[in-house]
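Visitor: Please take one part of this structure and go through it closely, contact by contact.

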Amino acid sequence: MSVEEMSINGDEPLPEYIVKQGIFGAIDSSPSLGQIPIFDINFFSSTSLNSKQAKNELEKLRSALSSSGCFQAVGHGISSSFLDKVREAGTQFFALPVDEKQKYLEAAHVAGNDVKVTEKQVLDWCYRLTLLVFPEHKRSLNLWPESPNNFREVLDEYATKIKLMMGVLFKAMAKSLNLEENSFAHQLFGEQALMTARFNFYPRCSRADQVFGVKPHTDGSGVTVLLQDKEVEGLQVLVDGKWVRVPIVPHALVVNLGDQMQIMSNGIFKSAMHRVVTNTEKLRLSVAMFNLPAPETEIGPLVSLIHHETRPRLYKNVKNYGRINYKCYQRGEIALETVKMCTVKMSMSVQEMSIKGEEPPPQYIVKESKFGAIESSPELGQIPTIDVSLFSPSSIHTEEAEIELNKLRTALSSSGCIQAIGHGISSSFLDKVREAATQFFELPVEEKQKYSREIYGGREGYGEDVIVSEKQVLDWSNRLILHVFPEDHRRLDLWPENPNDFGEVVHEYATKVKFMMGVLFKAMAKSLNLEENSFSDKLLGERALMQARFNFYPRCSRSDQVLGVKPHTDRSGVTVLLQDKEVEGLQVLVDGKWVRVPIVPHAIVVNLGDQMQIMSNGVFKSPMHRVVTNPERMRLSVALFNEPDPETEICPVEKLIDETRPRVYKNVKNYGRINYECYQRGEIALETVKI
């Protein structure tokens with residue numbers, strides 16, 4: 001039975017609506033009225049922003065957003081009569097017969113009750129109409145109600161006015177922190193930024209002491225603007241550990257910050273924890289407008305708000321945070337906790353410990369695992385050598401190529417890796433790549449730190465393992481990670497200027513490897529009797545990603561207990577590895593035993609990643625591999641990882657599914673993220689996407 005039906009019938013709420021005692025306390029029957037600051041937005045307009053009064057208001061704004069994270073906005077330029085019109089449009093929609101409203105529920109789950117995602121979930125006592133309003137070209141107008149007949153016109157006008165007000169507020173927030181005025185607007189207010197409208201209707205509830213209209217949560221937005229009911233209170237905010245009622249202020253709009261503003265302000269501004277209580281006697285309506293960056297936009301703390309000593313970086317860089325927040329909300333978890341930087345810090349870097357001959361701390365010591373201990377002398381692996389030149393268009397139909405294709409299929413179906421020769425990259429140029437990397441890692445620490453990912457956030461840049469949990473076993477290595485394709489994804493501020501030919505060498509090497517990958521993808525498809533573009537269409541399209549990782553492994557006094565890289569499979573479609581010219585280190589798990597990957601002159605190691613195993617429906621294997629350390633010699637390698645754009649959905653190729661080989665893996669997007677999180681937890685990512 002729906003919330004609406006239970007309310008009309010006067011039925012007791014079902015058990016799934018009953019609130020259990022949680023970390024945010026029970027439902028207080030009479031919390032005090034909150035002293036929510038009121039701000040006149042007029043003072044933040046371009047004509048008034050530099051006045052003395054505006055300066056005072058900005059200081060108050062900063063104070064409010066650094067404590068409760070919300071305020072009441074007046075002087076917003078939207079007339080009271082028009083606000084009533086917005087409320088009336090919402091009221092008239094919710095007053096429609098159930099079967100009329102059901103049209104929008106059936107269309108795309110935009111109208112209705114809570115979406116149930118877990119059995120333990122406590123459901124909200126409300127029903128909603130949720131509509132994407134910006135960007136305009138993403139509006140699904142078939143989901144916008146036609147009754148009342150002015151609904152669409154009213155919503156469009158209201159959203160446009162709110163967007164204008166948000167633009168003024170973003171600049172004021174930035175100015176209150178002495179930032180460039182577009183510091184927040186640049187990411188939260190761009191052309192592709194999202195705005196969602198949510199019309200909320202809260203029916204009467206016979207057990208208002210036990211049921212929430214909306215559970216305690218913080219918003220996944222940058223900023224939320226709420227038009228409250230004109231008469232009936234319901235919104236409550238957590239201030240200093242106590243719930244307070246948000247009063248109804250005539251003509252005012254409630255503005256509360258969301259998690260993405262707390263992230264971008266590096267925790268200076270607060271995302272307000274809030275909830276909605278139910279009412280035994282009165283119905284209630286509200287209209288919320290949520291602003292979020294486009295899902296593919298990466299957000300993180302602004303560099304100017306990070307200070308190593310006084311305000312260290314609090315949050316990781318993150319994409320599509322709205323989705324993270326939604327999932328956590330339904331599970332009753334705090335989403336911001338999942339993107340916090342780990343507070344565990346190593347007192348000394350791997351390189352410093354190596355130079356000083358220090359014993360590795362406990363965080364680096366490998367525990368016995370299902371992948372075995374570190375063997376002192378595993379045998380040399382028989383990794384097949386494949387001549388890639390035989391797969392060129394001029395040679396692919398020869399008898400010699402046919403033999404090589406069979407070797408390729410056998411190798412990739414067993415160990416999942418090969419040594420590639422005939423790749424068209426000269427040995428002298430491979431040496432040039434190694435030399436560029438060596439020269440970078442030889443730079444003074446303070447020079448390398450200019451490219452530190454701790455400053456810029458995310459996984460790109462120079463550094464060691466990102467610590468995501470206290471139980472994590474750390475790798476004994478330094479890395480420089482750079483996005484190389486698509487070219488417009490390159491963060492050139494993170495590309496070293498020393499040695500001076502570094503960027504030029506990396507670009508040329510990546511271009512040559514990309515060409516080789518194209519040849520290999522077609523050969524892999526042909527070896528399975530598939531259309532030649534069966535893999536390359538998704539793994540090597542225009543927006544496909546290629547990442548370069550330069551790895552430096554210092555000497556380690558406890559190579560019997562410490563790994564350069566933990567056992568893992570790659571997230572990629574294909575990984576191409578240029579090994580050190582003299583020092584071994586890479587090992588692959590073959591038939592349950594670790595074997596050493598030999599150094600073959602002029603060869604490049606090619607190993608498959610999980611996304612190729614998924615697309616081949618398990619025919620090809622993504623090899624489990626690791627890197628061991630060396631007590632006497634340092635080692636260097638350069639890996640290039642290929643993977644599809646995060647928005648590209650991958651799945652097993654249809655022709656590789658039949659009765660003898662049923663489908664093994666689900667469809668999946670952004671598998672790279674799944675793999676990375678599992679790697680840090682010591683889990684096998686492929687197991688999580690199996691059918």
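Guide: Start with helix H11 (residues 399-414) and H15, which pack at an angle of about 90° with their axes 9 Å apart. Axes here are lines fitted to C-alpha atoms, for helices over the stretch in contact, and angles run from 0 to 180 degrees between N-to-C directions. H11 and H15 are therefore roughly perpendicular to each other; angles under 35 degrees count as roughly parallel, over 145 as roughly antiparallel, 65 to 115 as roughly perpendicular, and the rest as oblique. On the H11 side, the contact (heavy atoms within 4.5 Å) is made by Leu405, Leu408, Arg409 and Leu412, and on the H15 side by Ala523, Met524, Lys526 and Ser527.

The model is predicted: local features need pLDDT of at least 70 and side-chain atom pairs count only at pLDDT 80 or more, while totals for chains, interfaces and linings use all residues. Residues are numbered from 1 along each chain as its sequence is written, and side-chain values use heavy atoms, with hydrogens and water left out. Helices (H or I, at least four residues) and strands (E, at least two) are DSSP runs, numbered from the N terminus.

H15 has another helix partner, H12: their axes come within 10 Å and cross at roughly 135°. H12 and H15 are therefore oblique to each other. H12 passes H15 in a left-handed crossing, that is, with the near helix turned anticlockwise from the far one by less than a right angle (right-handed if clockwise). From H12, Phe429, Leu430, Lys432, Val433, Ala436 and Phe440 meet Phe502, Val505, Glu508, Tyr509 and Lys512 of H15.

The next element is an open sheet of eight strands with mixed pairing, in the order S13-S14-S22-S19-S24-S17-S16-S15. Strands pair if DSSP finds at least two bridges between them. Strand S13 (385-387) and strand S15 (461-463) are the edges, each pairing on one side only. From one strand to the next, the twist averages 25°.

Within the sheet, strand S14 (residues 417-421) runs antiparallel to strand S22 (residues 604-608), and four bridges join them. Cys417 has Asn607 in S22 as its bridge partner. Helix H12 (residues 427-441) packs on this sheet, touching S15, strand S16 (478-485), strand S17 (545-553), strand S19 (574-578), S22 and strand S24 (635-643). The direction of H12 makes about 110° with that of S24. Helix H15 (residues 502-527) also packs on the sheet, where it touches S16, S17, S19, S22 and S24. The direction of H15 makes about 130° with that of S19.

S14 also pairs with S13, here in the parallel sense, over three bridges. Asp387 stands opposite Ile421 in S14. Four of the five residues of S14 are buried, so the strand is largely enclosed by the rest of the structure. Buried means under 20% relative accessible area, exposed over 50%, and partly exposed in between (1.4 Å probe, protein chains only).

For comparison, take another helix pair, helix H3 (residues 80-94) and H5, whose axes come within 10 Å and cross at roughly 135°. H3 passes H5 in a left-handed crossing. Phe82, Leu83, Lys85, Val86, Ala89 and Phe93 of H3 make the contact with Phe151, Val154, Glu157, Tyr158 and Lys161 of H5.
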